[in-house]
Amino acid sequence: MTRIDRPFRPRHRLRTGLASRAAAVVGALTLALAGCGSGGSADPHPGPSSHRPAAKAGPVWRTHPGSLAALGDSITVGFDACTVLSDCPEVSWATGTNPKVDSLARRLVRNPAAHSWNYARTGALMSELPDQIAAAARRRPELVTILIGANDACRSDVRAMTPTKVFRADFARAMKQLRRALPHTQVYVAAVPDLRRLWSEGRKNTLGKQVWKLGICGSMLRDPDDLTWPAEQRRETVRGRVMAYNRALARVCREDALCRFDGSVFDYRFTDRQLSTWDWFHPGLHGQRELAELAFRTITRGTSRS
(Lines give C-alpha, C1' and ligand atoms only; values in the text may rest on other atoms or scores of the structure.)
Protein backbone atom coordinates (compact mmCIF):
# COMPACT_ATOMS: atom_id res chain seq x y z
CA MET A 1 0.00 0.00 0.00
CA THR A 2 1.30 3.35 -1.00
CA ARG A 3 2.00 5.79 1.85
CA ILE A 4 0.80 9.36 1.41
CA ASP A 5 3.02 11.80 3.26
CA ARG A 6 1.27 14.87 4.81
CA PRO A 7 3.02 18.24 4.63
CA PHE A 8 5.02 19.03 7.67
CA ARG A 9 3.73 21.98 9.84
CA PRO A 10 6.11 22.98 12.56
CA ARG A 11 4.61 23.26 16.02
CA HIS A 12 6.25 26.57 16.68
CA ARG A 13 3.94 28.24 14.13
CA LEU A 14 0.91 27.19 16.21
CA ARG A 15 2.48 28.60 19.30
CA THR A 16 3.36 31.80 17.47
CA GLY A 17 -0.26 32.28 16.33
CA LEU A 18 -1.60 31.84 19.85
CA ALA A 19 0.96 34.26 21.20
CA SER A 20 0.00 36.88 18.62
CA ARG A 21 -3.67 36.65 19.47
CA ALA A 22 -2.88 36.84 23.20
CA ALA A 23 -0.74 39.92 22.63
CA ALA A 24 -3.60 41.56 20.76
CA VAL A 25 -6.00 40.89 23.62
CA VAL A 26 -3.55 42.27 26.16
CA GLY A 27 -3.04 45.36 24.01
CA ALA A 28 -6.78 45.96 23.77
CA LEU A 29 -7.16 45.62 27.52
CA THR A 30 -4.31 48.04 28.06
CA LEU A 31 -5.95 50.64 25.83
CA ALA A 32 -9.29 50.15 27.59
CA LEU A 33 -7.73 50.60 31.00
CA ALA A 34 -5.88 53.68 29.79
CA GLY A 35 -9.19 55.16 28.73
CA CYS A 36 -10.46 54.84 32.33
CA GLY A 37 -7.57 56.87 33.72
CA SER A 38 -7.42 60.51 34.64
CA GLY A 39 -6.34 61.68 31.18
CA GLY A 40 -9.77 61.34 29.62
CA SER A 41 -8.42 61.55 26.01
CA ALA A 42 -9.06 57.85 25.44
CA ASP A 43 -12.84 58.41 25.74
CA PRO A 44 -13.91 60.52 22.71
CA HIS A 45 -17.59 60.05 23.54
CA PRO A 46 -18.00 60.62 27.29
CA GLY A 47 -21.21 59.44 28.97
CA PRO A 48 -23.59 61.56 31.05
CA SER A 49 -21.57 61.04 34.24
CA SER A 50 -18.61 62.84 32.68
CA HIS A 51 -20.44 66.19 32.78
CA ARG A 52 -21.85 66.40 36.32
CA PRO A 53 -23.05 69.91 37.25
CA ALA A 54 -21.12 71.77 39.92
CA ALA A 55 -22.68 71.81 43.39
CA LYS A 56 -24.89 74.84 43.93
CA ALA A 57 -23.92 77.26 46.67
CA GLY A 58 -26.36 77.50 49.57
CA PRO A 59 -28.31 80.67 50.38
CA VAL A 60 -26.25 83.48 51.87
CA TRP A 61 -27.36 85.21 55.06
CA ARG A 62 -27.56 88.98 54.57
CA THR A 63 -26.54 90.91 57.68
CA HIS A 64 -28.44 94.06 56.70
CA PRO A 65 -31.87 93.19 55.26
CA GLY A 66 -33.90 95.96 53.69
CA SER A 67 -37.23 95.26 55.42
CA LEU A 68 -38.51 93.54 58.56
CA ALA A 69 -41.74 92.02 59.86
CA ALA A 70 -42.07 91.16 63.57
CA LEU A 71 -44.22 88.25 64.79
CA GLY A 72 -44.93 87.10 68.32
CA ASP A 73 -46.72 87.99 71.52
CA SER A 74 -46.93 90.72 74.17
CA ILE A 75 -43.16 91.14 74.45
CA THR A 76 -42.88 92.25 70.82
CA VAL A 77 -45.71 94.81 71.12
CA GLY A 78 -44.22 96.34 74.28
CA PHE A 79 -47.01 95.29 76.63
CA ASP A 80 -46.80 97.08 80.00
CA ALA A 81 -43.64 98.89 78.93
CA CYS A 82 -45.28 102.34 78.93
CA THR A 83 -48.59 102.08 80.82
CA VAL A 84 -50.28 99.33 82.81
CA LEU A 85 -52.01 96.54 80.89
CA SER A 86 -51.50 98.28 77.54
CA ASP A 87 -49.45 97.67 74.39
CA CYS A 88 -46.70 100.15 73.55
CA PRO A 89 -45.34 99.19 70.11
CA GLU A 90 -43.22 102.34 69.86
CA VAL A 91 -40.77 100.72 72.32
CA SER A 92 -40.82 97.27 70.71
CA TRP A 93 -37.37 95.68 70.50
CA ALA A 94 -38.16 94.66 66.91
CA THR A 95 -39.90 97.62 65.25
CA GLY A 96 -40.09 100.39 67.85
CA THR A 97 -39.52 104.03 66.93
CA ASN A 98 -38.28 105.20 70.34
CA PRO A 99 -34.56 106.08 70.01
CA LYS A 100 -33.93 105.03 73.62
CA VAL A 101 -34.72 101.45 72.63
CA ASP A 102 -32.87 101.64 69.30
CA SER A 103 -34.93 98.80 67.90
CA LEU A 104 -33.78 96.22 65.41
CA ALA A 105 -35.59 98.03 62.61
CA ARG A 106 -33.81 101.31 63.46
CA ARG A 107 -30.46 99.51 63.41
CA LEU A 108 -30.96 97.50 60.23
CA VAL A 109 -33.53 99.10 57.95
CA ARG A 110 -32.77 102.30 56.06
CA ASN A 111 -36.36 103.54 56.25
CA PRO A 112 -37.96 101.68 59.21
CA ALA A 113 -41.17 103.72 59.14
CA ALA A 114 -41.93 102.46 55.63
CA HIS A 115 -40.23 99.04 55.66
CA SER A 116 -40.90 97.47 59.06
CA TRP A 117 -44.19 96.03 60.32
CA ASN A 118 -45.35 94.53 63.63
CA TYR A 119 -47.93 91.71 63.54
CA ALA A 120 -47.37 90.43 67.08
CA ARG A 121 -50.37 90.19 69.41
CA THR A 122 -50.60 90.22 73.19
CA GLY A 123 -51.63 86.78 74.43
CA ALA A 124 -50.70 84.96 71.20
CA LEU A 125 -49.95 81.23 71.36
CA MET A 126 -47.71 79.28 69.00
CA SER A 127 -50.83 77.89 67.30
CA GLU A 128 -51.67 81.46 66.19
CA LEU A 129 -48.35 82.05 64.43
CA PRO A 130 -49.68 81.02 60.97
CA ASP A 131 -52.17 83.90 61.00
CA GLN A 132 -49.37 86.37 61.66
CA ILE A 133 -47.26 84.79 58.91
CA ALA A 134 -50.10 85.15 56.43
CA ALA A 135 -50.41 88.85 57.24
CA ALA A 136 -46.64 89.44 57.05
CA ALA A 137 -46.27 87.55 53.76
CA ARG A 138 -48.21 90.25 51.94
CA ARG A 139 -45.40 92.70 52.73
CA ARG A 140 -42.66 90.42 51.32
CA PRO A 141 -40.17 91.28 54.13
CA GLU A 142 -36.52 90.33 53.78
CA LEU A 143 -36.36 89.44 57.48
CA VAL A 144 -38.98 87.98 59.82
CA THR A 145 -38.44 88.00 63.59
CA ILE A 146 -40.27 85.52 65.81
CA LEU A 147 -40.50 85.68 69.61
CA ILE A 148 -43.39 83.51 70.78
CA GLY A 149 -44.07 80.69 73.23
CA ALA A 150 -44.23 82.33 76.65
CA ASN A 151 -48.04 82.18 76.64
CA ASP A 152 -47.93 78.45 75.90
CA ALA A 153 -46.23 78.04 79.29
CA CYS A 154 -47.95 80.97 81.04
CA ARG A 155 -51.29 79.30 81.66
CA SER A 156 -53.61 79.27 84.64
CA ASP A 157 -52.03 75.98 85.74
CA VAL A 158 -49.19 73.73 84.62
CA ARG A 159 -51.70 71.16 83.33
CA ALA A 160 -52.93 73.70 80.79
CA MET A 161 -49.49 74.29 79.24
CA THR A 162 -49.10 73.38 75.57
CA PRO A 163 -47.47 69.92 75.25
CA THR A 164 -43.98 70.11 73.77
CA LYS A 165 -44.85 67.81 70.83
CA VAL A 166 -47.80 70.00 69.92
CA PHE A 167 -45.68 73.14 70.27
CA ARG A 168 -43.00 71.76 67.98
CA ALA A 169 -45.50 70.50 65.41
CA ASP A 170 -47.24 73.89 65.35
CA PHE A 171 -43.93 75.69 64.84
CA ALA A 172 -42.82 73.29 62.10
CA ARG A 173 -46.08 73.82 60.22
CA ALA A 174 -45.76 77.58 60.62
CA MET A 175 -42.22 77.51 59.23
CA LYS A 176 -43.32 75.46 56.23
CA GLN A 177 -46.07 77.96 55.57
CA LEU A 178 -43.61 80.83 55.85
CA ARG A 179 -41.15 79.19 53.51
CA ARG A 180 -43.80 78.46 50.89
CA ALA A 181 -44.91 82.09 50.93
CA LEU A 182 -41.47 83.66 51.41
CA PRO A 183 -38.81 81.31 49.99
CA HIS A 184 -35.94 83.81 50.30
CA THR A 185 -36.84 85.56 53.55
CA GLN A 186 -34.48 85.27 56.51
CA VAL A 187 -35.93 84.23 59.86
CA TYR A 188 -34.66 85.20 63.31
CA VAL A 189 -36.14 83.06 66.11
CA ALA A 190 -35.63 84.24 69.69
CA ALA A 191 -35.76 81.80 72.58
CA VAL A 192 -38.60 81.98 75.08
CA PRO A 193 -37.25 83.94 78.09
CA ASP A 194 -36.53 82.23 81.40
CA LEU A 195 -39.85 82.80 83.20
CA ARG A 196 -38.49 81.60 86.51
CA ARG A 197 -35.75 84.20 86.34
CA LEU A 198 -38.39 86.88 85.76
CA TRP A 199 -40.36 85.59 88.77
CA SER A 200 -37.30 85.66 91.00
CA GLU A 201 -36.54 89.27 90.09
CA GLY A 202 -40.10 90.59 89.95
CA ARG A 203 -41.18 89.15 93.30
CA LYS A 204 -38.90 91.65 95.01
CA ASN A 205 -41.40 94.40 94.21
CA THR A 206 -44.60 94.62 96.25
CA LEU A 207 -46.52 96.54 93.59
CA GLY A 208 -45.59 94.02 90.92
CA LYS A 209 -46.93 91.15 92.99
CA GLN A 210 -50.25 92.94 93.31
CA VAL A 211 -50.49 93.24 89.53
CA TRP A 212 -49.67 89.53 89.18
CA LYS A 213 -52.90 88.78 91.04
CA LEU A 214 -54.79 90.07 87.99
CA GLY A 215 -53.91 86.81 86.28
CA ILE A 216 -50.50 87.29 84.64
CA CYS A 217 -48.79 83.92 84.02
CA GLY A 218 -50.54 82.02 86.80
CA SER A 219 -48.54 78.82 86.27
CA MET A 220 -45.36 80.66 87.29
CA LEU A 221 -46.44 83.76 89.24
CA ARG A 222 -49.28 82.41 91.38
CA ASP A 223 -48.49 82.67 95.12
CA PRO A 224 -45.14 84.35 94.44
CA ASP A 225 -43.98 84.22 98.06
CA ASP A 226 -44.80 80.54 98.53
CA LEU A 227 -41.44 78.77 98.74
CA THR A 228 -42.73 75.36 99.77
CA TRP A 229 -41.65 72.27 97.88
CA PRO A 230 -44.89 71.94 95.81
CA ALA A 231 -44.70 75.60 94.73
CA GLU A 232 -41.04 75.27 93.79
CA GLN A 233 -41.75 72.09 91.84
CA ARG A 234 -44.51 73.89 89.96
CA ARG A 235 -42.14 76.66 88.94
CA GLU A 236 -39.47 74.16 87.92
CA THR A 237 -42.03 72.32 85.80
CA VAL A 238 -42.83 75.54 83.95
CA ARG A 239 -39.13 76.31 83.48
CA GLY A 240 -38.52 72.80 82.17
CA ARG A 241 -41.32 73.21 79.67
CA VAL A 242 -39.86 76.49 78.45
CA MET A 243 -36.48 74.81 77.98
CA ALA A 244 -38.17 72.05 75.99
CA TYR A 245 -39.89 74.66 73.83
CA ASN A 246 -36.54 76.27 73.11
CA ARG A 247 -35.00 72.95 72.07
CA ALA A 248 -37.93 72.46 69.70
CA LEU A 249 -37.48 75.95 68.24
CA ALA A 250 -33.76 75.35 67.73
CA ARG A 251 -34.25 71.97 66.02
CA VAL A 252 -36.89 73.20 63.60
CA CYS A 253 -34.87 76.30 62.83
CA ARG A 254 -31.76 74.23 62.04
CA GLU A 255 -33.68 72.50 59.25
CA ASP A 256 -34.01 75.82 57.41
CA ALA A 257 -30.93 77.29 55.72
CA LEU A 258 -32.15 80.86 56.29
CA CYS A 259 -33.15 80.57 59.95
CA ARG A 260 -31.14 81.60 63.00
CA PHE A 261 -32.11 80.65 66.55
CA ASP A 262 -30.98 82.89 69.42
CA GLY A 263 -30.70 81.05 72.73
CA SER A 264 -29.18 84.08 74.46
CA VAL A 265 -32.67 85.47 75.15
CA PHE A 266 -33.25 82.60 77.61
CA ASP A 267 -29.74 82.80 79.05
CA TYR A 268 -29.72 86.56 79.59
CA ARG A 269 -29.66 87.51 83.29
CA PHE A 270 -32.52 90.01 83.35
CA THR A 271 -32.66 92.13 86.51
CA ASP A 272 -35.39 94.40 87.87
CA ARG A 273 -33.78 97.24 85.91
CA GLN A 274 -34.92 95.62 82.64
CA LEU A 275 -38.45 94.83 83.85
CA SER A 276 -41.64 96.82 83.41
CA THR A 277 -42.31 99.17 86.32
CA TRP A 278 -46.00 98.33 85.92
CA ASP A 279 -46.03 94.55 86.25
CA TRP A 280 -42.37 93.65 87.00
CA PHE A 281 -42.55 90.73 84.59
CA HIS A 282 -42.63 91.98 80.99
CA PRO A 283 -39.59 93.83 79.62
CA GLY A 284 -39.60 97.56 80.27
CA LEU A 285 -37.85 100.10 78.08
CA HIS A 286 -34.38 98.92 79.16
CA GLY A 287 -35.38 95.29 78.70
CA GLN A 288 -36.65 96.01 75.20
CA ARG A 289 -33.32 97.64 74.40
CA GLU A 290 -31.43 94.56 75.59
CA LEU A 291 -33.61 92.32 73.41
CA ALA A 292 -32.85 94.54 70.42
CA GLU A 293 -29.13 94.28 71.14
CA LEU A 294 -29.22 90.48 71.46
CA ALA A 295 -31.11 90.14 68.18
CA PHE A 296 -28.79 92.57 66.39
CA ARG A 297 -25.73 90.55 67.43
CA THR A 298 -27.18 87.30 66.10
CA ILE A 299 -28.46 88.74 62.82
CA THR A 300 -25.23 90.59 61.99
CA ARG A 301 -22.87 87.80 63.04
CA GLY A 302 -21.03 87.01 59.82
CA THR A 303 -22.49 84.45 57.46
CA SER A 304 -22.46 81.28 59.57
CA ARG A 305 -25.72 79.71 60.67
CA SER A 306 -26.62 79.14 64.32
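Helices α4 and α6 are roughly parallel to each other, a term for angles under 35 degrees. Helix α4 (residues 129-137) and helix α6 (residues 164-181) pack at about 10°, and their axes are 9 Å apart. Axes are lines fitted to C-alpha atoms, for helices over the stretch in contact, and angles run from 0 to 180 degrees between N-to-C directions. Helices (H or I, at least four residues) and strands (E, at least two) are DSSP runs, numbered from the N terminus.

The model is predicted: local features need pLDDT of at least 70, side-chain atom pairs count only at pLDDT 80 or more, and totals for chains, interfaces and linings use all residues. Residues are numbered from 1 along each chain as its sequence is written, and side-chain values use heavy atoms, without hydrogens and water.

| α4 | L129, P130, I133, A134, A137 |
| α6 | F171, A174, Q177, L178, A181 |

By class, this contact has 9 nonpolar, 1 polar and no charged residues. Ala, Val, Leu, Ile, Met, Phe, Trp, Tyr, Cys and Pro count as nonpolar, Asp, Glu, Lys and Arg as charged, and the others, Gly among them, as polar.

An open sheet of 5 strands has the order β2-β1-β3-β4-β5, with parallel pairing; two strands pair if DSSP finds at least two bridges between them. Strands β2 (116-118) and β5 (259-262) are the edges, each pairing on one side only. Strands β3 (residues 143-147) and β4 (residues 186-190) run parallel and are joined by 4 bridges. Helix α4 lies across β1 (68-72) and β3, at about 165° to β1.

Note on methods: Parallel < 35°, antiparallel > 145°, perpendicular 65-115°, else oblique. Contact = heavy atoms within 4.5 Å.
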